[in-house]
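This report looks at how two chains meet, how one of them is divided, and how one residue is placed. Please keep the sequence and the structure in view while reading.

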Amino acid sequence: MSNRTLYQKLVDSHTVTSIDEQNVLLYADLHLMNEYTSPQAFAALEAKRRAVRRPRQQLAVVSHIIPTHAETPRVIRDVASLLQANNLARNCEREGIRLLAANDPLQGIEHIVAPELGLIRPGMVVLCGDSHTTTYGALGALGFGIGTSEVEHVLATQTLVYRLARTMRIVVDGVLPYGTASKDLILWIISRIGAQGARGYAVEFAGSAIGALSAEARMTLCNMTVEAGARAALIAPDATTFEYVRRHALSLDETAWRNALVDWRELISDEGAVFDAEFRFDAHEVAPFVTWGTSPDQAMAVDAQVPDEAGQATPEAAAALRRALGYMGLSAHQPIAGTPIDRVFIGSCTNGRIEDLRIVAGLVRGHHVAPQVRAMVVPGSGSVRRQAEAEGLAAILTEAGFEWREPGCSMCLAMNDDVLSDGERCASTTNRNFEGRQGRGGRTHLMSPAMAAAAALTGCITDVRTLEPHHD
Amino acid sequence: MTKLTLIEGRAAPLPIENLDTDQIMPKQFLRIIDKAGLSGGLLYDLRFDANGVPRDDCVLNQSRYRGASVLIGGANFGCGSSREHAVWGLQQYGFAAVIAPSFAEIFYSNAMNNRLLLVQLERSEVNELLSLSEAPERADAWLRIDVEQQKVITAAGRAFSFPLGARHKRMVTDGMDTIDLTLASLPEIEAFERTHFSRHPWAAVM
């Protein structure tokens with residue numbers, strides 16, 4: 001077996017038994033839960049008098065519904081949301097599952113919390129009732145989102161009936177240009193291959209541009225690969241990965257670490273491995289990117305003009321463009337730069353990490369958010385929040401006029417009270433620009449943290465490369 | 001469980017590309033701990049205006065589509081969030097099947113686990129059924145979906161085949177307690193665990 005892809009190795013090493021040609025029984029090393037996709041799974045288990053098989057391989061986090069106002073202790077005032085939080089606490093208590101509740105100092109978004117607690121390591125299979133579980137491929141772990149029925153199955157068996165994916169390799173060579181980051185790269189890739197361009201595939205990223213990314217930047221990349229329809233995203237672990245895991249997985253002693261490295265160095269696609277599909281891209285072509293529409297693939301370079309129907313490949317794409325421009329209040333051929341914005345949201349499992357906040361603080365230091373703009377920074381976790389405060393980033397952001405808030409998913413999906421009003425336009429570092437995602441009638445422009453910072457300062461969509469440097 | 005081998009009825013057209021689960025079941029309907037009441041939230045922003053008044057431009061509000069049991073959608077139907085609430089809502093509203101050129105992956109698994117039939121057809125075939133669905137009052141708009149044969153059959157006798165894996169077919173037609181089936185393999189799972197964690201102790205993280 002010297003011609004396997006990394007994906008095949010991860011599946012093979014977690015296959016309990018083969019079910020049929022398409023399906024295997026896949027073992028989950030770790031299962032993460034939140035308060036809104038797990039309740040019905042626990043209820044079904046209880047109704048059938050089934051127990052959670054491996055409580056110590058579960059971690060639950062209150063993340064989606066939690067308000068992010070800066071108040072201590074944090075209080076969930078919405079009755080339905082409070083019921084979800086209490087219900088999760090009850091379920092975890094009864095089953096002996098570790099819970100990061102609203103006021104736990106480690107609370108945050110599951111995909112930010114798990115890696116920083118050292119719970120995500122190369123070679124693992126990690127499942128969660130949340131589509132952005134693809135994030136963990138950044139560390140060489142196979143992660144993907146599951147539905148509530150599958151959450152129930154995992155709780156009861158620690159396994160999943162898993163339909164095998166096809167394999168795709170996306171090679172990106174070259175150097176990302178000035179002003180761009182992995183967020184621009186993934187928006188650019190999705191715009192190239194489409195919102196279902198990787199549907200059915202486990203995508204492995206490779207190439208020099210990927211190798212040059214930090215572990216956190218890789219998380220942004222793998223996180224959003226699901227927006228191209230991918231079933232998983234993977235990056236073979238390397239020195240960058242090992243350095244990140246070493247810093248976070250403090251429970252591994254020296255011997256365990258050395259043994260782990262022996263295993264993890266095997267986690268590469270073999271020389272002779274064949275992928276079902278392959279793309280090659282040049283990082284030089286990436287520019288600061290921003291979405292103009294209501295699907296993550298409706299994205300463009302910030303210095304370009306909004307596309308028109310004639311430029312669309314199919315009648316369906318033209319219809320989608322018409323619908324999206326109507327919703328977004330934009331016209332074909334208008335430059336996207338200069339479009340006034342009302343709100344800025346910096347955070348989410350895509351871009352709520354300390355590295356993201358450093359970039360934003362670096363750009364806004366000594367400047368101020370445009371007067372008509374309301375700008376929020378929601379750190380991805382309690383640890384990120386404290387780190388940002390210790391580094392002085394929080395002070396910079398607050399002085400620049402940003403709201404400095406408590407951690408959670410917040411306005412990425414607007415399940416709490418952080419919501420766009422009808423017609424409000426938002427520069428957002430999140431992952432989905434769907435109609436109504438951030439609030440009914442809300443207009444979301446996805447972009448990198450740097451681009452969102454630039455938009456906050458100028459009050460309109462702005463090419464971060466044109467921002468004048470701050471004066472110290 | 002009751003057998004589900006034939007789905008019959010009128011189809012409602014909703015040819016929107018990349019119709020995501022946020023739109024199928026918006027956020028404000030997710031703050032529940034059971035599965036009740038999701039029919040009211042289905043496609044809420046498409047069905048109702050900001051004041052909660054039904055929108056005339058939504059086919060689901062038109063009396064001629066009342067009782068439709070099939071929904072015809074665009075490509076990549078059900079993309080985005082993993083929320084199974086989208087599937088529960090479609091079923092509670094009365095849909096037993098969705099026809100589209102393609103479906104998002106997590107949505108597909110969720111649908112199978114709930115016995116919501118997903119029929120993937122070629123774009124041209126979907127377009128033909130969309131045309132038929134535009135005049136639901138006509139007798140030839142009546143669709144029959146034979147799950148066993150994996151065929152959509154129009155009143156005029158046109159038949160379109162769709163793919164359905166053997167396991168998924170059984171899940172839809174017979175229903176399946178997949179947990180019970182898996183627990184039958186418990187000795188294998190336990191044996192796997194012993195080997196796995198002794199060979200890869202780093203995989204035990206908590």
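The model is predicted. In it, 68 residues of chain A are in contact with 50 residues of chain B.

Which helix gives the most to the side of chain B that touches chain A? It is α4(B), with 6 residues. Sorted by class, that side of chain B holds 19 nonpolar, 18 polar and 13 charged residues.

Chain B is split into domain 1, residues 6-175, and domain 2, residues 177-206. A distance of 36 Å separates the C-alpha centres of domain 1 and domain 2 of chain B.

In chain A, strand β14 covers residues 299-301 and includes A:Met300. Is A:Met300 buried or partly exposed? A:Met300 counts as partly exposed because it has 19 C-beta neighbours inside 10 Å, whereas a buried residue needs 20 or more. Apart from neighbours within four places in sequence, the contacts of A:Met300 are A:Phe289, A:Val290, A:Trp292, A:Pro307 and A:Ile336. A:Leu187 is 113 residues away from A:Met300 along the chain, and the C-alpha atoms of these two residues are 8.3 Å apart.

Notes: Residues are numbered from 1 along each chain as its sequence is written. Chains are lettered from A and ligands numbered from 1 in the order in which they are written. This is a predicted model: local features need pLDDT of at least 70, side-chain atom pairs count only at pLDDT 80 or more; totals for chains, interfaces and linings use all residues. Two residues are in contact if their C-beta atoms, placed from the backbone, lie within 7 Å. Helices (H or I, at least four residues) and strands (E, at least two) are DSSP runs, numbered from the N terminus. Ala, Val, Leu, Ile, Met, Phe, Trp, Tyr, Cys and Pro count as nonpolar, Asp, Glu, Lys and Arg as charged, and the others, Gly among them, as polar. Domain bounds come from an automatic or database domain assignment. A residue is buried if 20 or more other C-beta atoms lie within 10 Å of its own, exposed if 12 or fewer, and partly exposed in between; C-beta atoms are placed from the backbone.
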